[in-house]
Amino acid sequence: MAAISHVFTLPRAAARLGISEELLAEIAIDLEPEDGVLWVHDSTEEGCYGFTLFGLESVQEILSDKPTLAFIKERLERNNSK
């Protein structure tokens, strides 16, 4: 496996994938570093998710899996209604 040379921040990855940042953040909750998702510490106290190219592929697989995507969207809606 080649070394990771760059990552896409959540906003950049969402734009590249054509989905909302909110949906991508909800998907990322279920992913691990082995899936190509990292936590990036930035100049803010919060930080954000970062995605390797493999991470973008992992997200695309989830987006193409209709039952999993439906579950994630329902969870997002429940969280937003609280």
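Colleague: Which residues are linked in a network of salt bridges?
Modeller: Glu26, Asp30 and Arg75. Keep in mind that this is a predicted model.

Colleague: How many salt bridges does the count come to?
Modeller: Two. Arg75 pairs with Glu26, with the closest N and O atoms 2.5 Å apart. Arg75 sits in helix 4 (residues 66-80) and Glu26 in helix 2 (residues 21-28), so this bridge ties together parts 49 residues apart in sequence.

Colleague: Are Arg75 and Glu26 buried or exposed?
Modeller: Both are buried. Arg75 counts as buried because its relative accessibility is 14%, and the cut-off is under 20%.

Colleague: And what about Asp30 with Arg75?
Modeller: Their side chains meet in a salt bridge at 3.0 Å, N to O. Asp30 is in the loop between helix 2 and strand 2, and Arg75 in helix 4, 45 residues apart. Asp30 has 41% relative accessibility, so it counts as partly exposed.

Colleague: Switching to rings. How many aromatic pairs are there?
Modeller: Two. Trp39 and Tyr49 are edge-to-face, 5.1 Å centre to centre, with 85° between the planes. Trp39 is in strand 2 (residues 37-40) and Tyr49 in strand 3 (residues 48-51), 10 residues apart.

Colleague: What is the geometry of Tyr49 and Phe51?
Modeller: That pair is tilted, 6.5 Å centre to centre and 45° between the planes.

Colleague: Where does Phe51 stand, buried or exposed?
Modeller: Phe51 is buried, at 0% relative accessibility. Tyr49 is partly exposed at 21%, and Trp39 is partly exposed at 42%.

Colleague: Which residues form the aromatic cluster?
Modeller: Trp39, Tyr49 and Phe51 form one cluster.

Note on methods: Residues are numbered from 1 along each chain as its sequence is written. This is a predicted model: local features need pLDDT of at least 70, side-chain atom pairs count only at pLDDT 80 or more; totals for chains, interfaces and linings use all residues. Side-chain values use heavy atoms; hydrogens and water are left out. Rings of Phe, Tyr and Trp (its six-membered ring) pair if their centres lie within 6.5 Å; planes under 30 degrees apart count as stacked, over 60 as edge-to-face and the rest as tilted. Helices (H or I, at least four residues) and strands (E, at least two) are DSSP runs, numbered from the N terminus. Buried means under 20% relative accessible area, exposed over 50%, partly exposed in between (1.4 Å probe, protein chains only). A salt bridge is a side-chain nitrogen of Lys or Arg within 4 Å of a carboxyl oxygen of Asp or Glu.
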